[in-house]
Amino acid sequence: MLISLFIACYNDSLFPETGKAVVTVLERLGHTIEFRQAQTCCGQMHYNTGYYPEAVGIMRHFLDTFKDAEVICVPSASCVAMMRDHYPKMAAGDPVLEAAVAEVLPRVYEFTELLIDKLGVTDVGATYPHTVTLHTPCHSIRALHIGDRPQRLLEAVKGIKLIPLANADQCCGFGGTFAIKNAEVSAAMLNEKMQAIAETGATICTAGDNSCLMHIGGGLSRNNAGVRCVHIAEILASQGTS
Amino acid sequence: MSIHVGEAAEAPDFKKAAHVLLGNKQVRANVRRATETIRNKRANVVGEMPDWEDLRNSAAAIKQNVLRNLDTYLEQFEAACTKAGGKVHWARDADEANRISIGIIQGHQQTEIIKVKTMTSDETRLNVALEAAGITPWETDLADLIIQLGHDKPSHIVVPALHKNKTEIRELFMRTMGLTELGSKPEDLAAAARQYLRERFLRVKVGFSGANFAVAETGSVCVVESEGNGRMCVTLPDVMITMLGIEKIIPSFDDLEVFLQLLPRSATGERMNPYNSIWTGVTPGDGPKEFHVILLDNGRTKVLADGESRETLHCIRCAACLNTCPVYRQTGGHAYGSIYSGPIGAILTPQLQGMEHSQSLPYASSLCGACYEVCPVKINIPEILIHLRRRIVENGDAPQTERIGMNMAAFTFADSKRLGVAQKLVQLGNKPMEAIALPGWSAARDMPVVPKETFREWWAGGRK
């Protein structure tokens, strides 16, 4: 299958290893990956902060870039939630845009959705001999209803020791510009999340969204907590090292 | 017309108020314990309902219909209530509602009233207006009594004294009720309040309530509560006044079936409220001899006019969104500067009070969506928060630095070549990144290490 990767702007810029891991996993499963250099962003930051026309412009660019893509893989739950929850409304009233959204949206898959729903795989042949806990990003559970897909994928990894995270569905406090506009409340929410992570005794915290992980990881690093954040794609790509 | 929502017009912005509250360990512990208790109870009783989603859909549909035909239902209510012997008053804003109330009380030469818990009268600051007119309001709901005795402010929609624990309440009662001895068990505290209130229930001639629902078809008013104080207030006095927001109307008595299942389970985690009082007009020889209803607008028709955020008026004040909100959990309700706190407060207060006074509230959310998930009337709070942020931006009220940053980002994202250049700049110095990240981020979090090569460079360079 030819799979087009929409990596998400922040992964492209700050977490390229996540993109490489997605490529590794999908190629290992026998698929061909393409990366369209024209891609930029989904528009979430602008939309959520109230910059509507700007967000529409970015949406147009996304639709333009991916209009003829067969399958689009996105290793970021919140970007997919942005598209599914908001693109149809943003396009409403403009027949051309409406058609473009209706055309592209059904072909967009969050990474773990793609593996389980489209490709029918739970065991991707990974080995990861570490103690891991799973945070479930708000957008993945409440907007995408992703359920236990990440859990099932991780359970099939060899050598992994999975420890459940208390209140895993409670927001970590990132929330995009919220983390800056209400930095203190955001940090208080983060502290609760870090405490729950510490209680698991895991050395790795994973999730399907690097935006949460950037925030959680930033806090863990500041506290020298001895826990690293790793995107789920990187665990699924691993075959025993790191 | 002057619209005010409690003291929201004078409140500090959310960030400043939150800063103070985050330093209060006692309040934070109280809030966390109380919200967790209610949240767990709610989850249990909601979980046992096989048709919960159907009920939510029905409630949302009923409310949509009401809001589309509000004029008709309000007039139908007025006609039915009047026919049953009630008197209906229309109030454009808080001050007018207060003036009507005072007029009725003074018309009976009374100088005190007993009150059932009513958010709407907190919205109009009725107690302040009454005291200025020489009338003493006695709050009879236990939590409202705690707030009144302590000259405090409510911090929660359903349990307004949630920020206080038993020890603090015991001290307050001993001090304000002049008690030399008082046990520390909840039963002891309730007994002290009962003693204090009983005499007032029997003496005072005017009762005052809000309403959870008002039935257009029959002109009936419904109040649900847990302590029985409401039942006393609506049955013992000679004169009864009920003040309610115009959105509290439901078309028919049958609709109560839906809401009386949703509300108690969502609000207090009970299958049914201990006391459900529904009354219609006046009945000779039974209950109050005179019944007044004050229908309050106070900005509601303004909300109604905005199709994008109209469903804010679906709210039945269950506060399930507060109990589940991870932001409210950290700060408690006082940070919101309004009697309407938490996620619903963050959308309701700015719309009623006017955005210029409550500009910070639509940003008091990480948009995690937990509120929408539990809302019994399906208010898409995150979507409305975003809509209100958009209104702030469109009004030109967003901070200039943010506007410049967002414009630059939009310019960058319009073309991948520009994005490539921006990425290069970030890699070169790591400085622009820190400048964008702002001190707020770095106070508690490290920035990720900027990689030497972006993904697109890696790909373009042959994946080496």
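User: What makes strand S5 (residues 131–134) of chain A and S7(A) a pair?

Analyst: In this predicted model, S5(A) and S7(A) run parallel and are joined by three bridges. One of the positions involved is Val132(A), whose bridge partner in S7(A) is Ile204(A).

User: How do you know that S7(A) also pairs with strand S8 (residues 228–231) of chain A?

Analyst: Four bridges link S7(A) and S8(A), in the parallel sense; the requirement is at least two, and the pair therefore qualifies. Thr206(A) has Val230(A) of S8(A) as its bridge partner, and Ala207(A) stands opposite His231(A).

User: Which strands stand at the edges of this sheet, and why?

Analyst: The order of the open, parallel sheet is S6-S5-S7-S8 in chain A. Strand S6 (161–162) and S8 of chain A each have a single partner strand, so one side of each lacks a neighbour in the sheet. Helix H12 (residues 210–222) of chain A packs on this sheet, where it touches S7 and S8 of chain A, and its direction makes about 165° with that of S8(A).

User: What makes both faces of strand S7 (residues 204–207) of chain A covered?

Analyst: Ile204(A) and Thr206(A) lie on one side, Cys205(A) and Ala207(A) on the other, and all are buried. A residue is called buried if 20 or more other C-beta atoms lie within 10 Å of its own.

User: Chain A has another open sheet, in the order S2-S1-S3-S4. Why are S2 and S4 of chain A placed at its edges?

Analyst: Four strands form that sheet, with parallel pairing. Strand S2 (32–34) and strand S4 (108–110) of chain A have a single partner strand each, so one side of each has no neighbour in the sheet. Neighbouring strands here are turned by 35° against each other on average, direction ignored. Strand S1 (residues 2–5) of chain A pairs with S2(A) over three bridges in the parallel sense, and Ser4(A) stands opposite Glu34(A). Helix H2 (residues 16–28) of chain A lies across S1, S2 and strand S3 (71–74) of chain A, at about 175° to S1(A).

User: Where are the domains of chain A, and how many residues of each are in contact?

Analyst: Chain A is divided into domain 1 (2–118) and domain 2 (131–237). Their centres, taken over C-alpha atoms, are separated by 22 Å. In the contact, 26 residues of domain 1 of chain A meet 22 residues of domain 2 of chain A. On the side of domain 1, these residues divide into 13 nonpolar, eight polar and five charged.

User: Why does the span of helix H2 (residues 25–47) of chain B agree with expectation?

Analyst: At 1.5 Å a residue, its 23 residues should span 33 Å, and the end C-alpha atoms are 32 Å apart, which agrees. The buried residues of H2(B), including Val27(B), Val31(B), Ala34(B) and Ile38(B), pack against helices H1, H12, H14 and H15 of chain B.

User: How many residues does each chain give to the contact between chain A and chain B, and which classes occur on the side of chain B?

Analyst: Chain B contributes 49 residues and chain A 54 residues. The side of chain B that touches chain A has 31 nonpolar, 10 polar and eight charged residues.

Terms used: Residues numbered from 1 in each chain as written. Chains lettered and ligands numbered in written order. Predicted model: local features only at pLDDT ≥ 70, side-chain atom pairs only at ≥ 80, totals over all residues. Helix = DSSP H or I, 4+ residues; strand = E, 2+ residues; numbered from the N terminus. Axes fitted to C-alpha atoms, helices over the stretch in contact; angles between N-to-C directions. Contact = placed C-beta atoms within 7 Å. Expected span 1.5 Å × (residues − 1). Buried ≥ 20, exposed ≤ 12 C-beta atoms within 10 Å, placed from the backbone. Nonpolar A, V, L, I, M, F, W, Y, C, P; charged D, E, K, R; others polar. Domains from an automatic or database assignment.
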